[in-house]
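Hi,

Here is the structure I promised to pass on. Have a look, and my notes follow below.

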Amino acid sequence: RMLAAWLARPLLDIDAINARLDGVAALLDDAPARNMIADRLAGTGDMERAVSRLQLDRGGPRDLLTIVACLKAGDTLVADLPSGRSALLDEASRHLGLSSSPALAELAIHLHAMLGTEAPILARDGGFVRAGFDATLDDAIALRDDARRLIAALQASVSEAAGLPLKVRHNGVFGFFIEATPKQAEALLAPPLNQRFIHRQTLASAVRFTTPELIDLDARTARAAETALARELELFAQACAMVADVADPLRSYAATLASVDVLTGLASHASQTGAVRPVVDDSTTLSITAGRHPVVEAALRKSGEAFTANDCLLDGDGSQGARLTFVTGPNMAGKSTWLRQCALLAILAQTGAFVPAAAMRLGLVDRVFSRVGASDDLARGQSTFMVEMVETAAILNRAGPRALVILDEIGRGTATYDGLAIAWAVAEHLHDVNRSRALFATHYHELTALAGTLNACSNVSLSAREWEGDLIFLREVQAGAADRSYGVQVAQLAGLPAAAVSRAREVLTRLETGDGARPGTLDDLPLFAAPTAPSHQSSRTDPRLQALAQAVRQLDPDSIAPRDALDALYALKREFGDL
């Protein structure tokens, strides 16, 4: 819970950020101490919630066990904390030692003496007070638990008196009773045994009796059980009152313990992932060397794949790098991953965590804005494009020189020229008015021309290559704009029918070459005309189709070996796959 709170509220105080980073660094360098602290904390629970439940009369004995376990763990791990290297850890060491808090020490001693190792969820179930803690409770429990021995002795006594093998049983209605068979009952109902055995109930296969001694024993054991439970509840109430008296110190203790837990977890994560300490200062620079997306990298690691690390350089002053960077390249090449990892690393750094990179320098960021993905709010009458514009408006109206902005496509939900105009204006506003550090991913390649007119603007692209008709993503961020988006190739990878892909290539070629009355425009593009199927005559005159037909005729399915048949299919695919 504290880790989530730290991530949700990154710090704006450089000294406070460095104090957390010092704590992570101290624990990262001391692996034995880190492992020992983790082991001690593994046996504790959530003391903050336990205190709250007890104060609201919704807690139970297990919450008391949680409190005493946390107090004991905190007091013990003081000796494991590295000293002299982190102000946070030194302060935690002073706070967690119970010698500095007599009230908490008294509570820990009392709860440890009172509670056994196991406890029920609800106090009314009883059985959680340690034997020997309270004499009154011990007497009641002895009488309650001694009932079995007393019943066995009484069963032997009545069997001897009657000269019959009688059984003493118990249920929730009658309590303890003597059960006899109908034949045995004849003797018990006749003098002189009927003076001692009192008839209670006759069943088809048994007759039930009681005796004055059994009635007295039943009453005494029932009272003993009630007395024992009442005493346990009384002791539980006393313990809850003690917790309530020191509730605020307990919450403070829990927060300190949680902070040690978070720092230990961050250090362990840094050790496992090779994360490094970021440099956080008051500049306007964001410099990341070989940065990695922490979540995507973890997912790839599970499948045995490697994550491609990339650099990032932004500078709000425009002196060491661009303030606004356009990101182009194919879909699926990794643009969104790169944008998000840069923002995530900034959040991690100001949280006080080490970051998955070779090096990072971060000028303090006061806000992180993201316009990523597509969503709508139909219940409020907002289309996908309207939601996109509302989010973009919030960024332009609120982002300042210390903000970090990531934009993943602007203007794609409307007409081409409208969208391009909006994206153009947004980019200029971010650069000239907001002056925020910004990464702007787009498929509007016309925007990349702004790098030549805006003084703090640059272009990068995610690389991809075509190889034998297939698109290969290299996932590398390189300087310069991409020359194309490879949208048709990505559509083919997605599984579009071959006819649709072929038609898309034809339309794209006409758009790019301007095959019409007005080259380079849409005027002569028959978007609503179906592609004309080749005639039988044209098929016979197409030299490539003739070559394909000749290659197929030369194959002999009855004599060709399986491996040769597979090679032949690959050869046909390479040669004629685009027909």
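A quick definition to start: helix axes here are lines fitted to C-alpha atoms over the stretch in contact, and angles run from 0 to 180 degrees between N-to-C directions. This is a predicted model, where local features need pLDDT of at least 70, side-chain atom pairs count only at pLDDT 80 or more, and totals for chains, interfaces and linings use all residues. Residues are numbered from 1 along each chain as its sequence is written, and side-chain values use heavy atoms, with hydrogens and water left out.

First, a helix pair. α5 (residues 61-77) packs against α12 (residues 247-273) at about 55°, and their axes are 11 Å apart. On the α5 side the contact (heavy atoms within 4.5 Å) involves Ile-67, Cys-70, Leu-71, Gly-74, Asp-75 and Leu-77, and on the α12 side Leu-250, Tyr-253 and Leu-257.

Thr-256 also sits in α12. Its relative accessible area is 13%, so Thr-256 is buried (under 20%; exposed is over 50%, partly exposed in between, with a 1.4 Å probe and protein chains only). Apart from neighbours within four places in sequence, Thr-256 touches Ala-92, His-95 and Leu-96.

Then there's α18 (residues 498-513), whose buried residues are Val-501, Arg-503 and Val-507. Seen down the axis of α18, these fall within an arc of 160°, so they line one face of the helix (the arc uses directions from the helix axis to the C-beta atoms). Their cover includes α17 (487-494). Ala-498, Glu-512 and Thr-513 are exposed on the other side of α18.

Cheers

Methods:
Helices (H or I, at least four residues) and strands (E, at least two) are DSSP runs, numbered from the N terminus.
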